[in-house]
Amino acid sequence: MSIMVSFDNFAPRLRKGRVIPQGRRLIYETEDGEKQIVLPIEMADAILLATGKYTMRQIIEKIFKLKGSLHFRTLFKTIHQLRDHGFLENGEELESHSWWTSPYHEQKSWTMDLTVVRRKTLRRPRTLHFYFLGLAVVALSLLSMLDMPWPPLSKQNFAMNGSLMWSVLICWAFNSLLQTIQSLFKTVFQLLLTGNMFGLSLRIAPWGVYLRATDEPIFLITNRLFLMLYHAATLLTPFLASWPLQLLDSNYYSFAIAICMGKLMIDLSPFTSSLFMQTVRSMLSLGQSDLIAGYLREDSLLALLSPVDRPSSNRRLHRYFTIYILSWAAFSLWFCSIGLHGASRQVATDPWASLFCWTIFCTAVVWIAARVMRHMSPLMVKPMMRIFALLRSWVRAWRPIKWTPEKTMNALTELPLFSYFSKPLLEMILKESQINEIRGGSRLITQGEIGRDLFVLLQGTLLVERSSFDQGRTQLSILRPVTIFGETAIIEESERGADVIARETSTVLKIPTHVLRFAAKESQYVREIEAFRNAITVNQFFTSAPMFKDLPEDTVHDITMRSSLRHLSPNEHIIRQGSQGRSFFMVLRGAVEVRINEQPVKKIRQGGFFGEIALIADIPRTASVVTVENSVIMEMAAVNFWEILCQNIELAMFIEAVGESRLSEDLMNNSDEPEPSEKAG
Amino acid sequence: MGNAWWRRIWQKRITVESPATSAPFLAREHGLDRRLKARVRLPAHNADYLPIFKNSSRELTVVDLSVGGVCLLDFQDFLLNHLSQTVPLTLQWPDREEWIMARVAGVSRHTHRHLQFLELSEQSQKQIKVLVQMGSYGQKITQVRDLKQSPAQLLVTELWTGLQGDGLVFYDSADTLAELTMGLITVRFHHSIAPQVVLDPDRNKTRPALNKEISDALICLANIPEPSGRLKDLLLRLSTPTQPWLTTGSGV
């Protein structure tokens, strides 16, 4: 059994094949010519380095050294695409990532595929033939629908010949037949359209035994008109194939139509990442997102919520989702009512058949619910997390943790800062400190009061808020355990700069500053009190900033070791628009203002970061950034930034996504500005 | 009605490429590259659409160009050597001429004069920005190293790729020499006929490239770092005035 490794440590080994560049894309074809995949051309370097010798981390480093930049998300998706389509010899070693869903990498324990026909090619594509054949199929299918009985299946003709089992068998047989006919048409269309057909396989599944054609040649098509015609023709083929049944038996025809409708509903599902759905998305979306459709299999529902998609395209997709869900609900209810009516009628005469039908319907309901849940789950994460946090706080309020000295000591040593202290020093600190429990809504620190203690949040959540004349009350950050705060008191007994309020019942350790000053002087490592305060500031940032709080400890250590702190006064320029990007910045304290063409566009507060766009896009600074209050900024040089990104693909993709979202917002905010060519420079 | 969803069937093509929401793509395609003094090299070729700098009706070779200034080759010391001194220049575009003043900002290798524009019309600035954009496509293109131990075999003679779908491919073919993709345009260079713009890669549909497109391609090629022998040959070939399609005023 192979060992699963994370994306960073995965060393991809490609199956032998050929790289064929074609404009903005490249085609990778296996040596035997049986498989093809279309990828962005800039992935050529990564493909040639996929020898099994280098891990993804090393590949990224090599590409970065060569090109000075790379798009992490494209690389991430390319490697997963190669794995899902069976182009990697060691693909099974790559751990499934929560960010990746693919229709090609599902566990197919319910199905078995046997190859029937291998790759076939025509001398050249015959697009004109495809065009007329496609149009003819669509026209005839629509014509056949005119004869369709309505409703296609009634309660009377579902239980054919009085036997429900027979009806179920008919459904199974028709499904197999119609799927096979659809696959054969698909194959013909693919051959005419692309000159390629990558094989037919016999699929044995509980819902039928049928021939199945792959969609691979369709990736080669870029013409949307042909793609739409291909999809329309293949989706409607089962209706055309059912037409002759009308002459034989109207009951059979009713069954076939019911199956066709069921199949159509599944094919039109916006919850899938099917090629059809991608084409629909590319038509309904505007502008840039159009270009993604051919390659990147974005989850449709997630894409709908993406801040990058424009609102108008969102509305159209939203309408599609609503119409689909309503139609699906109506169709399911109608179909289930017919089936259940038939099943309940037979309880007395044939209990086994009735049980069988009930089982099928229940399975169908569970399958649909599971599918919807799978796609809805990303939407549910946040509300569920909130409910979980609420429940946890209730449980804690009801049964708080007893903070024994050992437990407190363990909690303190979790903080890298306290790990510098020896055990006797820590014991001394604990002896002089006090554990306080604060009820939700109570104020722990009041703005303006003189600070004489430092605090460690052991349990619960705290809000840091500041009141000012011009801005009123603003929330600066949320503190989560285990974190240190109130560090300004270490150097001098100065006024507190903000209020700290408990959001829920919380436990804090109150350490008198004189004890800490003594410990800091005694400590072998922390000799300088200023360095000690800086360390607390950094620690607080990495435990509280929403974007960085989940980073592994060694990454945090890497970032802190390779960065420098800057204490800045208000109105200081940190970066200037148009200058060369040399650093990445994190806001540890205070706030900065982003200005484009000297116009303020947004503020980035404590816990945020900036300066990533120039580094990830390898362009000069797109905006100026100026401090608006006393701030502490952590600066990391571009080389170190890239080294850390290369080692943490998830962090890289996250920073990249934030940068892209900021650029998109910028574009939307400035849509009434002059033409792009005028803006440049 | 221009954006009606059903019209998009004919309007746009689905292309396979990196995400169009990516930072480099957004920055580049929407002019967010707010650089002020980006420099690009110009090819040693007097194709249409490229500016010509003259001093007292003597034509000077341009090494590189930006909105802020230009580096000119001056083998015969026509221009001043002293820093901060002003030089009158004639900037000749295909459709007009402009008289400008420039300041000597630096002299290097005896022959290179770095001049800073003191006044440049808005129209010229816009035209130079377009050239800079084309050059910036080329500056990001690097050669793909064909590894011997790689299971993937490169089926072309040379492959060069940029960050966002730009690329240059050299073919070992009797007909096609190379294919350059910059932005959303693909220009195909042939051994015997004029460069062609690829309209439909699926059906191999092309049309002759316009002079403007050839000039853009030349600037893009001239700015590719560390050019190989083949790339240098291609540039030389395109810059040679004896090309039949050049002497007949492009292949249009």
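Reader: Which residues form one aromatic cluster in chain A?

Author: In this predicted model, A:F130, A:Y131, A:F132, A:F185, A:F189, A:F226 and A:Y230 form one aromatic cluster. Rings of Phe, Tyr and Trp (its six-membered ring) pair if their centres lie within 6.5 Å. Planes under 30 degrees apart count as stacked, over 60 as edge-to-face and the rest as tilted.

Reader: How is a pair of aromatic rings described?

Author: By the distance of the centres and the angle of the planes. Over all chains, the count comes to 18 aromatic pairs. Take A:Y131 and A:F132: their ring centres are 5.6 Å apart and their planes at 75°, so this pair is edge-to-face.

Reader: What kind of pair do A:F185 and A:F189 make?

Author: Their ring centres are 6.0 Å apart and their planes at 50°, so the pair is tilted. Both residues sit in helix α6 (residues 164-194) of chain A, four residues apart, so about one helical turn separates them. Helices (H or I, at least four residues) and strands (E, at least two) are DSSP runs, numbered from the N terminus. A:F185 is partly exposed, at 26% relative accessibility. A:F189 is buried, at 0%.

Reader: Where does A:K35 lie?

Author: A charge sits over a ring if NZ of Lys or CZ of Arg is within 6 Å of the ring centre and within 35 degrees of the ring normal. A:K35 lies over the face of A:F87, at 5.8 Å from the ring centre.

Reader: Where is A:E629 found, and what is it in contact with?

Author: A:E629 is in the loop between β23 (624-627) and β24 (631-637) of chain A. A:E629 is buried, with 18% relative accessible area. Contact means heavy atoms within 4.5 Å. Beyond its neighbours within four places in sequence, A:E629 is in contact with A:R466, A:L568, A:S569, A:P570, A:G590 and A:A591.

Reader: What is the mean pLDDT of chain B?

Author: pLDDT is the predictor's confidence in each residue, from 0 to 100. Chain B has a mean of 77, and 75% of its residues reach 70 or more. Over residues 246-252 of chain B, pLDDT stays under 50. The model has 18 contacts for that stretch beyond four places in sequence. The model scores ipTM 0.81 and pTM 0.71.

Reader: Which rules apply to numbering and to the values?

Author: Residues are numbered from 1 along each chain as its sequence is written, while chains are lettered from A and ligands numbered from 1 in the order in which they are written. Local features need pLDDT of at least 70, side-chain atom pairs count only at pLDDT 80 or more, and totals for chains, interfaces and linings use all residues; side-chain values use heavy atoms, with hydrogens and water left out.

Technical notes
Buried means under 20% relative accessible area, exposed over 50%, partly exposed in between (1.4 Å probe, protein chains only).
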